[in-house]
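Me: I'm new to this one and would like to learn how to read it. Could you walk me through it, feature by feature?

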Amino acid sequence: MAIKQPVRIAPADGKLGVLLPGLGAVSTTFIAGVEAVKRGLGAPIGSLTQLATVRLGKRNEGRTPLIKDFVPLAALDDLEFAAWDIYEDNAYEAARKAAVLDPAMLERVREPLERIQPMEAVFDRNYVRRIVGPNVKEARTRMDKAEMLMDDIRRFRERTGVARCVMIWCGSTEVHKRPAPVHQSLKAFEAGLRANDPDIAPSQIYAYAALKMGIPYANGAPNLSVDTPALLELAREANLPVCGKDFKTGQTLMKTMIAPGLKARMLGMAGWFSTNILGNRDGEVLDDPGSFKSKEETKLSVLDQILQPNLYPQLYGNLHHSVRINYYPPRGDAKEGWDNIDIFGWLGYPMQIKINFLCRDSILAAPLVLDLVLFLDLAHRAGLRGIQEWLSFYFKAPMHAPDIYPEHDIFIQLMKLKNTLRWMRGEELITHLGLEYYD
Ligand SMILES: NC(=O)c1ccc[n+]([C@@H]2O[C@H](COP(=O)([O-])OP(=O)(O)OC[C@H]3O[C@@H](n4cnc5c(N)ncnc54)[C@H](O)[C@@H]3O)[C@@H](O)[C@H]2O)c1
């Protein structure tokens, strides 16, 4: 039974442009995957928008539509891709180099991938130090570069006739920076763009260009990007949804599944040591201490919030948590992670859990990009603006309102996501109370 009026959602008519700063392992695995799914060459495993259902009403009503049938999402056939990168490789060549998907699979989607030629990037080696490439815009100020990005978007719109766009940052992790005075208001930020203020990162120039063009923005990397008062002001002013930061894959995904379970049983934790080997370009960029610092911050923050040591000092007050990423080229994208968790139980008796996750980074990230594209577009058509906390499910360091803590527990995040979809459609929210079944 509907308890409220559904939110008005504009239909997903016409094509949806997907704008990707960064045409590396994640972007190409995402695009190649969408093309493969469209041709029936593989299944979109890991994607909620394609596979998950949402329960409606009581448990005995048997109403569990697919999410994609419950809310109006853009169809895969309606996606049009564009990207920027500092390298000139088209999406097929970039995917071959990233070596995530096997050559036989890439051959079968070669034609649509070859059509995606990266546009010249807005790049600054002070923000990403380990790579250098020729396909970079030259201009006097950061504002000039933002305008060049807006021209790129205009040309893409004209060429493809897309009705709407979303932008997802899939570029390298930029060095760690705290927000500076130039990030505190839109006025200061725009003055900074004109004055070519070095505190404005390339990812922020892309975010600014997107928002100025009426395009929602998501950040798949840990650097600040849109997460500043200035750009949030612009997002709110322009009625645009934004979200970030840092796709939740691999070790952090495991952490946000396991830590809530241990805490649910009031088991103590003395330490969690995580180490990884990773050999793709992302690993190379993260080998730089500045970029690693951005990643470390997002990776370390999750346990503190989930375990709440302030409420449970006896269980989690003395937790040693460390995260290492080691660049090890032979592994390419096939990352291996080891976790050692020192826990303690009844009367303080110690125990250990070991996790050895042989994962594929971009295989885990690609469905997240797809879901974020479709959900951000949905949010926009539903008139939602500013930070989309219901999309925290996808991020290691979810953006959040200044006066609340971020929610990291993946099960709470999932409930929030599905309740938001129910709320959009005027369906009853699910609390799991369930007393009515026993009255
Ligand atoms: N599972 C995952 O793979 C995963 C998880 C979480 C976050 N991420 C983040 O997603 C991002 C992409 O990961 P990836 O594995 O595809 O890395 P990648 O190195 O393969 O691709 C990133 C691409 O961005 C390009 N680039 C860098 N700066 C740019 C700029 N200013 N403009 C345009 N292009 C630029 C690089 O040349 C590179 O081709 C990284 O920041 C990574 O930390 C990835």
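Reply: Happy to. First, a term: helices (H or I, at least four residues) and strands (E, at least two) are DSSP runs, numbered from the N terminus. Residues are numbered from 1 along each chain as its sequence is written. Keep in mind that this is a predicted model, where local features need pLDDT of at least 70 and side-chain atom pairs count only at pLDDT 80 or more, while totals for chains, interfaces and linings use all residues.

Me: How many helices and strands does the protein have?

Reply: There are 16 helices and 11 strands.

Me: What radius of gyration does the protein have, beside that of a compact globule?

Reply: The radius of gyration is taken over C-alpha atoms, and the globule rule is 2.2 Å times the number of residues to the power 0.38. For 439 residues that rule gives a value near 22 Å, and the protein has 22 Å, so the two agree. Its C-alpha atoms fill a box of roughly 65 × 50 × 50 Å along the principal axes.

Me: Which domains does the assignment give?

Reply: Domain bounds come from an automatic or database domain assignment. Here it gives domain 1 (16-247 + 363-424) and domain 2 (251-358). Their C-alpha centres lie 26 Å apart. The contact between them takes 26 residues from domain 1 and 26 residues from domain 2, where contact means C-beta atoms, placed from the backbone, within 7 Å.

Me: Where does the ligand lie relative to the domains?

Reply: It lies between them, because both domain 1 and domain 2 give residues to the shell around it. A residue counts as near a molecule if its C-beta atom, placed from the backbone, lies within 6 Å of it. Of the 37 residues around the ligand, Gly22, Gly24, Val26, Ala221 and Arg281 come nearest. Elements giving two or more residues to that shell are α1 (25-38), β2 (79-85), α12 (281-286) and α15 (361-381). The largest share, 4 residues, comes from α15.

Me: How do the shell residues divide by type?

Reply: Ala, Val, Leu, Ile, Met, Phe, Trp, Tyr, Cys and Pro count as nonpolar, Asp, Glu, Lys and Arg as charged, and the others, Gly among them, as polar. The shell has 20 nonpolar, 12 polar and 5 charged residues.

Me: Back to the helices: which residues of α11 are buried?

Reply: Buried means 20 or more other C-beta atoms within 10 Å of a residue's own, exposed means 12 or fewer, and partly exposed is in between, with C-beta atoms placed from the backbone. In α11, the buried ones are Gly250, Gln251, Thr252, Lys255, Thr256, Ala259 and Leu262. What covers them includes β7 (268-278), α13 (289-307) and α16. In turn, the buried residues of α16 pack against α11 (250-264). Among those in α16 are Ile410, Leu417 and Met424.

Me: How far does α16 reach from its first C-alpha to its last?

Reply: The expected span of a helix is 1.5 Å times one less than its number of residues. With 15 residues, α16 reaches 21 Å, close to the 21 Å expected. Just after α16, Gly426 takes a positive phi of about 75°.

Me: And is Ile404 buried or exposed?

Reply: Ile404 is exposed, because it has 8 other C-beta atoms within 10 Å. You'll find Ile404 in the loop between β11 (386-387) and α16 (410-424).

Note on methods. Contact = placed C-beta atoms within 7 Å.
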